[in-house]
Amino acid sequence: MAIDVKPTRSELIKLKRRIKLSEKGYELLKMKRDGLIMEFSETLSMARGVLEKLRESYENAEQKISIAKAIDGTIMVRSAALAAKSEPEFELRSKNIMGVVVPVVKRKRVRKKLSEREYGIIGTTARIDEATSAYEELIDAILEAAEIETTLLRLLEEIERTKRRVNALEFKVIPEMKEAKKYIEFALQEMERDNIIRLKKIKAKAEA
Amino acid sequence: MVSILRRLRRTKVRDYAYISARVRVMRRSLIPADEYRKLLNMEFNEIIRYLEETQYKKEIDELTHKYSGVRLLEYALNMNLCATYNKLVRISSGIPRALVTEYLRKWDVQNIKSIIRGKLFGFPDEEIKESFVGAGEYKYEDLVALLSRDTVEDVINALQGTPYHEILKEVGTKPLSEIEDELDKLYYTRLLDIRPESEDVRYLLEFIRMEVDLKNIKTILRLKVEDGTYDEIMKSIIPGGYQISVDEARKLANMSWDEVMRGLESYWFWDAISEKVKEGAPLSILEVYLDKYWCNTVISKSNHYPLSILPVLAYIILKKVETDNLRIIARGKLEGVPKEAIEEQLVIV
Amino acid sequence: MKERGFRLAVVGDQEFGLGFRLAGIRDIHEVSDPAEAENTIEKILGDRNIGIVVIQQNIFDNLSVSLKREIEERTEPTFVKVGGEMGVEELKEKIRRAIGVDLWK
């Protein structure tokens, strides 16, 4: 360990202040880390529900489109898909969890203009309508899954980063500063002893 | 005078006696209700094998060297439906034949829609052909000839002189959805224009009016669920309904969803859907219940008037329902739809 | 880092894309083999307007190990696996790698 400090009294005072500060920071970071982990496990338990909902939405959407293909015909379903004009609109917001920023994408619920419906209503059945809305619901479930997955990953990154900083403070920064403090204290003591000896010698000389 | 009337009546009775007897026999080869339970438990290939032992054998055998899977099945179902309807026309004569022919024009509209749509969206001819049910005025070969025209405009030009041409002229300027609805409206308007000269024509007209009611109420519900406006709804209303006339539709189109739901109670088909409405079932389920009720209504009416056009119309509907059921089961099975979800979509009477 | 756009892209076989198309999504990539899938995904990774990629699970499963790894390690764009396990396994694995314990169960 290379300690590159000047063994002076003022340096010692500075160092003591820095150790105190680091120890305080260490405690705070530990609290942040624990908070993040708690947030993470809460999000994780929500993720299970979100992924379950995603699975259900997908199954439902697949079933609905199968039935629509059977009754309204594949030409109808596929051409309606090719012609679909009303692209869903998304809006972007973000949420902040303990300093972790996560983008939140939501599908805007706008009334579809029926003039944009690309199939006659009299010759088709509600199956094709329901297949379309089942896929819109699936998109909502996908957006939610994406949000929660991003949240989990960003929380993980932040936990990692915080852990590294906690570890660095605990095992490197603070021990090194304490080492330095010990060194300065030792050096100052040494100097003091030297001074005393020197003083004694001078005194002895003078008395001699 | 009296003798002429009697002779006319006798002729008609004879026409109906023959076709009714034939239809009675044909109805026996429809798949019985309890067989659907078996089909629901089968795998896709077992369903094909099962159908090879039924009246679908001929079509499956013919197509099996060229097609497989769901394409084989859907093509075979369409071919069989077509053959069955054409047979119905062949074995009937006189007024019943004329009425059945008029009713089956439904398929002309359907096939023309497929050609226009298929061509506009660049579907391969092969695939469009598979969707044909050449049971109207245009037989399979006519439709293939129509399809072989190079462009959509060529197809439309070839239809010059038909009532469809007037509507199809607007392809490209009007949304396709509107054109399709207008073709369907034209079909019903033409049917309802037949003068009710005799009792049997009146049976047909009453039957059509009820069918129009069902179409109209489905339209209203489907568009209401998507917050359709009054104008959007009225554009797709077929005139001439039995209870849901244009005026009645106007009233419904102006109502809120809840008001429409309460309003349903006064119509002839309310009993069929009352429970499902209270459960808040999706529209596709209400449609299934309406169709079931429609089948039962037609069957019971045809039992009251066995020597009329009604037994023939009942058969036409039941046959269509059967092919739809088979399509739902087969596709559902192939694509892993759970049994219960398939079953609730079937119209079993 | 600047946030990505939030357009949604879909990668899957022809039948997979159909319903999304019906719902109006335009960024649909129909792929029929793993090589095509990999090319498509490389392109998507380079498109900063795409924030979310919906990928059919079995298409994902057949990607090369390195591409799968790349997808897993990026938070942008977010890949959502649909069909099959819905990415549950991948998520578990990521968590296991990151914090060393299986917090899922």
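Predicted model: local features only at pLDDT ≥ 70, side-chain atom pairs only at ≥ 80, totals over all residues.
**View 1. Where chain C meets chain A.** Here 26 residues of chain C are in contact with 36 residues of chain A. On the chain C side, the elements that put in two or more residues are α1 (14-22), β3 (50-56), β4 (78-82) and α5 (88-99). Which of them gives the largest share of that side? That would be α1(C), with five residues. Sort the chain C side by class and you get 17 nonpolar residues, six polar ones and three charged ones.

**View 2. The open sheet of chain C.** Four strands line up in the order β2-β1-β3-β4 of chain C, and the pairing is parallel. At the edges sit β2 (28-30) and β4 of chain C, each of which pairs on one side only. Going from one strand to the next, the twist averages 20°. For a look inside the sheet, take β1 (residues 7-12) of chain C and β3(C): they run parallel and are joined by five bridges. Within that pair, Val10(C) stands opposite Val54(C), a residue of β3(C). Helix α1(C) packs on the sheet as well, touching β1, β2 and β3 of chain C. The direction of α1(C) makes about 165° with that of β2(C).

View 3. Strand β1 (residues 90-97) of chain A runs antiparallel to β2 (residues 100-107) of chain A, and eight bridges join the two. How many of the eight residues in β1(A) are buried? The count is zero, so to speak a strand that is hardly covered. As a reminder for reading strands, side chains in a regular strand alternate between the two faces of the sheet.

View 4. Helix α1 of chain A covers residues 9-72, which makes 64 residues. Following α1(A) comes Gly73(A), which has a positive phi, near 90°.

Methods:
Residues numbered from 1 in each chain as written. Chains lettered and ligands numbered in written order. Contact = placed C-beta atoms within 7 Å. Nonpolar A, V, L, I, M, F, W, Y, C, P; charged D, E, K, R; others polar. Pairing = 2+ DSSP bridges. Axes fitted to C-alpha atoms, helices over the stretch in contact; angles between N-to-C directions. Buried ≥ 20, exposed ≤ 12 C-beta atoms within 10 Å, placed from the backbone. Expected span 1.5 Å × (residues − 1).
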